[in-house]
Amino acid sequence: MNTKRLLLGDEALALGAINAGLSGVYAYPGTPSTEITEFIQLDPLSRERKLHSHWSANEKSAMEEALGMSFCGKRALVCMKHVGMNVAADCFVNSAFTGANGGLVVVAADDPSMHSSQNEQDSRFYSQFAFIPTLEPASQQEAYDMMAYAFDFSEKIGLPVLMRMVTRMAHSRGVVEAGAIRKENPIKYPENTRQWVLMPGNSKVRYKQLLADWDECLKASETSPYNVYTDGTDHSKGIIANGIAYNYLMECFPQGCPFPVLKISQYPIPTALVERMTRECDSILVVEEGQPFIEERIKGMLGTPKPIYGKFSGHLPRTGELNPDFVRKALGMDPLPKQGPSQVVMPRPPALCQGCSHRDVYAALNDVLKEYENPKVFGDIGCYTLGWLSPFNAIDSVVDMGASISMAKGAADAGQHPSVAIIGDSTFTHSGMTPLLDAINENNNMVAIISDNLTTGMTGGQDSQGTGKIEQICIGLGADPAHVRTIDALPKNHEELMALLREEIEYPGLSVVVCRRECIQTARRHAAAKAKEAAKK
């Protein structure tokens, strides 16, 4: 049996989790993490074992659901993009205090260069802040191998483990050789359930234990198979490289690096290995993908007069992704010869798909708002964010998931009229329901447009938690049924939609307008699937 497969980093991680005895994955889709859960949903062994793989409403729910599975002794995986860590942070930080029973691994997929994100935050700061150990693969094979290691370590140390991915690792392919397949854990409850009740008296005890556990995590980092010190012949400098940045470094030296190299793929930072490099080398260059996390800490850790170079010194860029050319420049090497721009693949700015229902919503909204002196439209995270671009130029703000309704409410509180929020169906159930409840309770003079395309379109068409239930949710929260309006977002309904929006803008209270039509991309896939099924009959 051939155990070698060509896999994305996300897929390698997912396969490693399944083969390590996973019982459930909990996630909200977000680039570059989405493929992890999708792989688990489609994997034959996952289906045979009936592993949990349904999407969660948001990252906080996913983290808490996985913690519940861990409480019962089963191995659970949580997946999200880096900004999802902000949503999950309450439970993530507190999970270090409860500890883990069954192995619990949290995947945070960071997005340097902001290919599909609001910021470039580095999830390693969360793990340091929460006292949770971290792993960071340097190859697809490591992404696979690390999963079994992470689950074992989580159960050994009694803590969750953070697995940090980055876009280039998540979405590049490599050959992966799969190992043995383990059975799922049986149900086994914690020996000390008191530590799972975070009352102050218990938490004070747990905090002392957590600090002791952190010392054990540091010892594990010093001997980790993923933290490797390789000596060199030239000690004029030593190089510390993390995760995928280690690959960029090695690409600069196909015949082998002449300098001592410390590859860091497990945190906390292995202090003894860093101190060895400091003793043996005249200077240190830190090559890391993300923010200068290692560079900043070793400066404070070592107190050495020896120079430390990296992002703070300007040898490497502070923003965007690294690449071998940046590393070559930091090493004083000439750049590789440049190839000309591709004549096949040309840059294409993002745009709403032709036939997208969001287009019809923005067209009607823009036409109505021309009638008002100073309208403001607060946007949200999803495909419809592209309504900010030409030709619509339809929204005034985009901050984070759910902020459209919150900000429209705040603007209404300030006296803004019209104050309009536009949010998608999946984002609404992710984090739009709670601010809508605030607006309902105060009956703010605002309009919340829910552009419902019956899926999570931005990340590829995953299930939306609110499909078929949006109106019931709004009414259940307390919205006036007379002002929860629904319309099909179709070009032929342009005038009707304009009239509806105008009516609700003029209503001196909260209105919810649900504009519904299936995403054009998922509609095509569904039609193709139906045609394929019909052809079989």
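Is Cys-519 buried or exposed? Cys-519 is buried, with a relative accessible area of 13%. Here, buried means under 20% relative accessible area, exposed means over 50%, and partly exposed is in between, using a 1.4 Å probe and protein chains only.

Before we go on, a word on the model. This is a predicted model, in which local features need pLDDT of at least 70 and side-chain atom pairs count only at pLDDT 80 or more, while totals for chains, interfaces and linings use all residues. Residues are numbered from 1 along each chain as its sequence is written, and side-chain values use heavy atoms, with hydrogens and water left out.

**The whole chain**

Let's start with the overall picture. The protein chain contains 19 helices and 18 strands; helices (H or I, at least four residues) and strands (E, at least two) are DSSP runs, numbered from the N terminus. Its C-alpha atoms fill a box of roughly 75 × 60 × 60 Å along the principal axes.

Of the 537 residues, 55% count as buried. Among contacts between residues at least 6 apart in sequence, 79% join residues at least 24 apart, where contact means heavy atoms within 4.5 Å.

How many disulfides does the structure hold? It holds 0 disulfides, a disulfide being a pair of cysteine sulfur atoms within 2.5 Å. For Cys-519, the nearest cysteine sulfur is that of Cys-383, 6.3 Å away. The sulfur of Cys-353 has its closest cysteine sulfur in Cys-356, and because the two are 6.2 Å apart, they are too far for a bond. Cys-353 counts as partly exposed, at 33% relative accessibility.

**A helix with a kink**

Now look at helix H7, which covers residues 140-157. Its 18 residues reach 25 Å from the first C-alpha to the last, close to the expected 26 Å; the expected span is 1.5 Å times one less than the number of residues. H7 has a kink of about 30°, centred on Met-146. The bend at a residue is the angle between axes fitted to the seven residues ending there and the seven starting there. Met-146 is also one of the buried residues of H7, which include Tyr-144, Phe-151 and Ile-157. After the helix comes Gly-158, with a positive phi near 75°.

**Backbone details in the loops**

Two prolines take part in cis peptide bonds, Pro-391 with Ser-390 and Pro-418 with His-417. Phe-131 and Asn-393 have a positive phi, although Phe-131 is not a glycine and Asn-393 is not a glycine.

| Residue | Angle | Loop |
|---|---|---|
| Pro-391 | omega about 10° | between strand S14 (376-378) and helix H15 (403-413) |
| Pro-418 | omega about 0° | between H15 and strand S15 (419-424) |
| Phe-131 | phi about 60° | between helix H6 (124-130) and strand S5 (134-135) |
| Asn-393 | phi about 45° | between S14 and H15 |

**A proline on the outside**

Finally, find Pro-491 in the loop between strand S17 (484-488) and helix H18 (494-506). Pro-491 counts as exposed, at 57% relative accessibility. Leaving out residues up to four places away in sequence, Pro-491 touches Asp-360 and Arg-517. The C-alpha atoms of Pro-491 and Ala-479 are separated by 28 Å, with the two residues 12 apart along the chain.
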